[in-house]
Amino acid sequence: MKKTKRLSTLIILSVALAGGAVYASRVLSAYRTAEATPDPLALCTRLPRSTAGAIKVPTAGPIVSIDFDDGFLSAYRYGIPLFNAAGFPVTAYIITGDLQHSGNIDLTEIKALEAAGNEIGAHTITHPHLTNVSETQAIDEICGSREALLRLGILTTTFAYPDGYSDPAVESIVKDAGFIGARDTEAGLNDAAIDPYKLKSYQVTAATTLPEIEYAIAQAVQTKEWLILTFHRVDDTGNSISVPHQLIRGLIAYLKKDRIPVVTNAEGLAMKSRIAGTRDYLLSPVKATTEGTSARSRSG
Ligand SMILES: [Zn+2]
């Protein structure tokens with residue numbers, strides 16, 4: 001078991017040098033030849049392990065990550081390019097079953113995002129609440145989305161729970177599928193002691209103001225911790241999970257002014273041990289979701 005693990009690590013490390021797409025297809029074919037098993041979880045554990053070891057990271061915190069969930073076309077057109085033009089990579093969580101939908105990005109656009117230096121993460125196939133489906137379905141959704149992206153030449157490293165719904169069983173499947181970590185929708189900062197499969201984030205919605213985001217960043221600066229900001233749509237006016245591009249411009253100006261390092265989620269995990277602080281710091285003064293008292297947001 002240990003030997004296998006070390007071998008996987010070596011393979012993954014060599015990939016960073018060899019190039020992701022070629023590697024992904026090679027790993028997938030090796031995985032497929034060993035496929036003849038009726039046990040879906042056993043198949044799942046044959047997916048390649050990702051590792052934080054090969055990821056280059058900047059200095060210790062504070063750090064900020066920018067996530068875009070669900071692969072909306074409006075985010076691809078009006079939001080992500082603004083961040084990229086400022087030199088900030090984002091992490092895009094893709095629902096693999098939505099690739100053909102008109103309002104979502106397609107494979108060409110996902111590849112373009114990856115080529116621009118953004119991280120592509122998995123976000124299931126159909127976006128179910130993973131705590132409300134059977135174990136088999138959860139395995140299909142989690143491993144299936146990672147495998148689907150791997151087939152397309154994209155090796156994913158992190159996962160995001162749809163709408164934040166997770167529990168120990170779901171987290172265990174995510175680990176077995178080879179992800180190094182996963183993002184929740186619970187509001188808060190991430191410190192050195194955070195469980196990588198329970199990453200907190202701050203949901204940015206149509207109701208969120210720039211001063212609220214700036215306050216959250218200021219908290220991360222003060223505590224030298226890791227803030228993950230989660231977005232969905234951009235300039236889809238009238239939609240509760242859409243933000244205007246002007247808000248993004250304001251955020252970028254703030255990040256630049258204070259020279260806050262912006263990293264992908266995989267990079268953040270790779271440098272997690274160097275983030276200061278071990279407190280479970282919650283952003284209580286800031287309205288983090290639009291869903292009343294629940295820590296979970298339906299817009300994850
Ligand atoms: Zn989602």
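This report describes the nonpolar core, the central strand pairings and selected residues of a predicted model.

Residues are numbered from 1 along each chain as its sequence is written. Because the model is predicted, local features need pLDDT of at least 70, side-chain atom pairs count only at pLDDT 80 or more, and totals for chains, interfaces and linings use all residues.

**Nonpolar core**

A nonpolar core is a set of buried Ala, Val, Leu, Ile, Met, Phe, Trp, Tyr and Cys residues joined through C-beta atoms within 7 Å. A residue is buried if 20 or more other C-beta atoms lie within 10 Å of its own, exposed if 12 or fewer, and partly exposed in between, with C-beta atoms placed from the backbone. The largest core holds 68 residues, among which Val174, Leu227 and Leu229 touch the most other members. Helix α7 (residues 135-151) supplies the largest share of this core, six residues. Helices (H or I, at least four residues) and strands (E, at least two) are DSSP runs, numbered from the N terminus. Leaving aside residues up to four places away in sequence, Val174 touches Ile142, Phe159, Phe179, Ala182 and Tyr197; contact requires C-beta atoms, placed from the backbone, within 7 Å.

In strand β1 (residues 63-69), seven of seven residues are buried. In a regular strand the side chains alternate between the two faces of the sheet. One side of β1 carries Ile63, Ser65, Asp67 and Asp69, the other Val64, Ile66 and Phe68, and all are buried. Two strands pair if DSSP finds at least two bridges between them. Strand β7 (residues 226-231) runs parallel to β1 and is joined to it by six bridges; within this pairing, Ile66 has Leu229 as its bridge partner. Strand β2 (residues 91-94) also pairs with β1 in the parallel sense, over three bridges, and there Asp69 stands opposite Tyr93.

**Individual residues**

Most residues other than glycine have a negative phi, and most peptide bonds are trans. Asp70 has a positive phi although it is not a glycine, and His127 likewise has a positive phi without being a glycine.

Ala270 is found in helix α11 (residues 265-270). Ala270 counts as buried because it has 21 C-beta neighbours inside 10 Å. Its C-alpha atom is separated by 9.1 Å from that of Ile180, 90 residues apart along the chain.

Methods
Two residues are in contact if their C-beta atoms, placed from the backbone, lie within 7 Å.
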